[in-house]
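Let us walk through this structure together, one part at a time. Please keep the sequence and the 3D view at hand as you read.

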Amino acid sequence: MPPTTNTAATRLPAEPVSDEPKDIAAFSCPLPLPARDRILLGHGSGGKLSAELLKDVFLPALGNPVLNRLEDQAIVSLNGTRLAITTDSFVVKPLFFRGGDIGSLAVHGTINDLAMGGAEPLWLSAAFILEEGLPTETLKRVVASMHEAAVKAGVPIVTGDTKVVEKGSADGLFINTTGIGRVRDGVALSASQAQPGDAILVSGFIGDHGIAILAEREGLQFETQVHSDSAALHTLAAALLDATQEVRCLRDPTRGGLSSTLNEIATSSGVGMELNETAIPVREEVRGACEMLGLDPMYVANEGKLVAVVASSAAEKALAALKNHPQGRDAVIVGKVTGEHPRMVVMRTPFGTTRIVDMLAGDQLPRIC
Amino acid sequence: MKYLDEYRDAKIARGLAAEILRRSTRPWVLMEICGGQTHTLMRYGIDDLLGDSVQLVHGPGCPVCVTSLETIDRALALAARPGVTLVSYGDMLRVPGSKADLFQVKAEGGDVRVVYSPTDAVQLARSQPDRKVVFFAVGFETTAPAHAMAILQAERLGLKNFSILASHVLVPPAIRTLLGSPRNRVQGFIAPGHVCTVVGYREYEDLVREFHVPIVVGGFEPVDLLEAIRMLVVQLEEGRAEIENQYVRSVQYEGNRPAQEAVARVFEVADRKWRGIGSIPVSGLRIRDEYAAFDAERTFELTCVCAEEPAECISAEVLLGNKKPTDCTAFGTRCTPERPLGAPMVSTEGACAAYYQYRRHAVAR
């Protein structure tokens with residue numbers, strides 16, 4: 001839309017300062033932003049800009065029935081066996097942080113995307129893009145950490161690739177991992193299956209990973225240091241799926257945090273969601289850090305938590321299954337799916353009022369004051 | 001969290017809301033000045049809690065929203081220059097200038113950094129002496145002391161590559177402008193607690209006397225705001241117009257003297273243009289001549305850009321309290337946080353963005 005001109009407004013730049021009373025109705029507003037013709041950092045934030053990229057660039061060119069599902073993993077069938085395939089690239093900075101590093105994260109992230117599809121992870125690949133000048137010792141540490149994570153999860157890395165780019169063309173080290181898994185019999189999870197009445201469960205405290213990274217990056221010192229929750233979730237997911245057949249959808253709320261994940265499910269299923277603010281599990285130190293930094297923990301990344309949408313009849317059983325697993329000790333039911341306000345996630349505050357929990361436009365920006 | 005949770009206590013909040021509903025005999029029109037306060041009101045649904053007992057009008061106190069288009073364009077031009085590192089607070093990056101925003105300049109190769117404190121920008125200048133570091137210093141009286149400290153620090157360190165692009169605005173002249181408007185409907189103000197933490201509230205006494213309007217200095221948590229609203233309603237119902245301080249745990253009458261001294265040393269009061277409002281006399285701060293070497297407007301040759309503004313945006317009517325953001329025909333459709341038509345849609349402190357982020361469902365009901 002071309003900007004239209006407000007005559008009162010165009011006068012403003014030259015308008016001399018006067019003590020005359022102003023008619024506030026003559027106040028004006030700025031111009032619209034032009035269309036985006038370049039990739040912005042926000043396109044990688046997992047929020048609305050990322051969704052636009054999918055809609056405008058990737059799906060028109062590459063769309064097919066498997067891809068179009070837009071789940072965290074593709075499910076394909078081979079001789080009657082359903083396989084889950086997923087791929088993920090890791091560009092985290094700093095490479096090492098409290099509670100993990102880029103190597104373990106690359107293993108966990110891909111295992112989790114398989115697990116959220118109800119799959120048992122079988123094999124991983126690892127591809128490295130290294131920047132010229134990277135200390136070999138750094139690479140060794142990262143690879144050792146990958147090995148350790150893969151062994152602990154029981155998922156071997158069976159193939160790989162290495163490329164080196166000129167100094168300045170990459171930030172030290174990027175990793176891509178791809179995973180293949182076998183989908184459990186009788187399980188078909190999808191973000192499009194949430195139904196009014198379903199319970200929404202979260203497996204533990206949110207925001208730990210994002211705050212750990214930020215604290216490291218900004219050199220922030222808190223009284224209690226927050227550790228990343230980076231972990232492989234396949235045994236937790238399996239425990240849940242063992243306990244009940246009524247799981248509709250599993251997701252790990254990584255980039256964009258819990259709110260983005262819930263918005264995706266709400267949109268995909270055409271349902272609304274109502275969350276209970278007092279039930280959202282946030283550690284005291286994460287809450288404190290978010291207060292200081294002007295961030296909302298609902299948008300902060302997690303790397304070791306899952307969100308489950310479960311039929312209400314199975315909610316307690318599902319909760320018990322999560323709580324029985326060491327990774328789900330702090331699991332809670334945070335809200336429910338509703339037929340009202342479709343595609344909107346709404347938070348009920350302790351005051352009894354409600355507000356929207358929206359998907360972010362781009363990266364979360366710290367406020368001035 | 002100690003000292004925060006107490007001010008978010010649902011029981012206390014409900015009690016205050018009930019008292020406001022009880023005391024209020026007609027829908028008083030109140031304005032919270034600061035965008036941070038708007039954010040809290042929307043986030044906790046306090047407008048919902050109060051029903052028709054008061055009408056809350058959202059003031060111009062969002063620094064992101066009122067920084068003039070020319071200033072944004074200057075920042076964009078600086079950021080695009082080779083050899084310049086532009087350092088900014090996070091939420092300035094998405095503010096639309098006349099052609100782009102800082103994110104886009106960054107995507108095109110501009111060196112744009114985000115910091116939490118202006119003194120981080122001084123450190124940056126120190127660590128990269130071959131680059132010119134410009135801090136984009138926007139804000140109200142609240143951020144001015146830190147910006148002054150940054151300049152004083154740079155002077156002490158003898159830095160030749162540090163400057164600030166200053167765009168400071170002052171609250172009392174804006175209130176004066178609002179009250180002087182023939183169409184003003186606002187009957188009481190919640191003054192911004194953090195601004196008053198720095199400057200105190202002596203200046204607000206003049207406004208109270210001159211316009212016979214009650215002003216309460218308020219904090220930023222839901223209980224703070226409800227208490228401030230209650231104090232205003234009580235004054236209005238009793239026909240009083242006084243300055244009162246709700247935010248006593250932070251604000252003193254005289255404010256923070258050392259902070260004021262630092263500001264006075266580096267800055268002087270000047271006329272300032274507000275985005276969406278126009279020029280307001282003596283409503284801003286300018287770097288004093290003695291510190292001209294740290295003033296990006298003077299050390300870089302920056303041409304003045306005059307830009308056109310779209311007519312569809314109704315931020316003026318929103319500021320006046322005649323319309324709510326949701327009355328705008330572009331709200332949520334042609335104007336969203338991803339594609340803002342107007343600055344109030346950019347920062348979460350802007351009234352339009354606060355409505356968009358938290359209240360769309362209420363509109364749909």
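**A walk through chains A and B**

In E7(A), Thr178(A) is the bridge partner of Thr87(A). The two strands involved are E2, residues 81-90, and E7, residues 173-183, of chain A, and they pair in the antiparallel sense over 8 bridges. Two strands are said to pair if DSSP finds at least two bridges between them. Helices (H or I, at least four residues) and strands (E, at least two) are DSSP runs, numbered from the N terminus.

Before going further, a word on what you are looking at: this is a predicted model, in which local features need pLDDT of at least 70, side-chain atom pairs count only at pLDDT 80 or more, and totals for chains, interfaces and linings use all residues. Residues are numbered from 1 along each chain as its sequence is written, while chains are lettered from A and ligands numbered from 1 in the order in which they are written.

Now widen the view around that strand pair. E2 and E7 belong to an open sheet of 5 strands in chain A, with the order E1-E2-E7-E5-E6 and mixed pairing. Strand E1 (74-78) and strand E6 (157-165) of chain A each have a single partner strand, so one side of each is left without a neighbour in the sheet. On average, neighbouring strands of this sheet are turned by 20° against each other, direction ignored. Such angles are taken between axes, which are lines fitted to C-alpha atoms (for helices over the stretch in contact), and run from 0 to 180 degrees between N-to-C directions.

Two backbone details lie in loops of chain A. Most residues other than glycine have a negative phi, and most peptide bonds are trans. Leu70(A) is not a glycine, yet has a positive phi of about 55°; this residue sits in the loop between helix H2 (48-62) and E1 of chain A. The peptide bond from Lys93(A) to Pro94(A) is cis, with omega near 0°, and Pro94(A) is found in the loop between E2 and strand E3 (96-97) of chain A.

How is chain A divided? The domain assignment gives domain 1 (71-183) and domain 2 (199-356), with bounds that come from an automatic or database domain assignment. The C-alpha centres of these two domains of chain A lie 23 Å apart. Their contact takes 20 residues from domain 1 and 22 residues from domain 2 of chain A; residues are in contact if their C-beta atoms, placed from the backbone, lie within 7 Å. On the domain 1 side, helix H3 (102-115) and strand E5 (119-131) of chain A are the elements that give two or more residues, and H3(A) provides the largest share, 7 residues. That side divides into 9 nonpolar, 7 polar and 4 charged residues. Here Ala, Val, Leu, Ile, Met, Phe, Trp, Tyr, Cys and Pro count as nonpolar, Asp, Glu, Lys and Arg as charged, and the others, Gly among them, as polar.

Further along chain A, strand E10 (residues 272-276) pairs with strand E12 (residues 332-338) in the antiparallel sense over 4 bridges, and Gly272(A) stands opposite Thr338(A) in E12(A). E10(A) also pairs with strand E13 (residues 345-348) of chain A, in the parallel sense over 4 bridges. There, Arg348(A) in E13(A) is the bridge partner of Asn276(A).

Let us move to chain B. Its domain assignment gives domain 1 (5-62 + 171-245), domain 2 (65-170 + 255-299) and domain 3 (315-364). The C-alpha centres of domain 2 and domain 3 of chain B lie 27 Å apart, and 7 residues of domain 2 are in contact with 9 residues of domain 3 of chain B.

An open sheet of 5 strands in chain B has the order E2-E1-E7-E8-E9, with parallel pairing. Its edge strands are E2 (54-61) and E9 (243-245) of chain B, each pairing on one side only.

Finally, look at two helices of chain B. The axes of helix H8 (residues 144-156) and helix H13 (residues 257-266) of chain B come within 8 Å and cross at roughly 60°. H8(B) and H13(B) are therefore oblique to each other; angles under 35 degrees count as roughly parallel, over 145 as roughly antiparallel, 65 to 115 as roughly perpendicular and the rest as oblique. The residues of this contact divide into 10 nonpolar, no polar and 1 charged.

Note on methods: Two residues are in contact if their C-beta atoms, placed from the backbone, lie within 7 Å.
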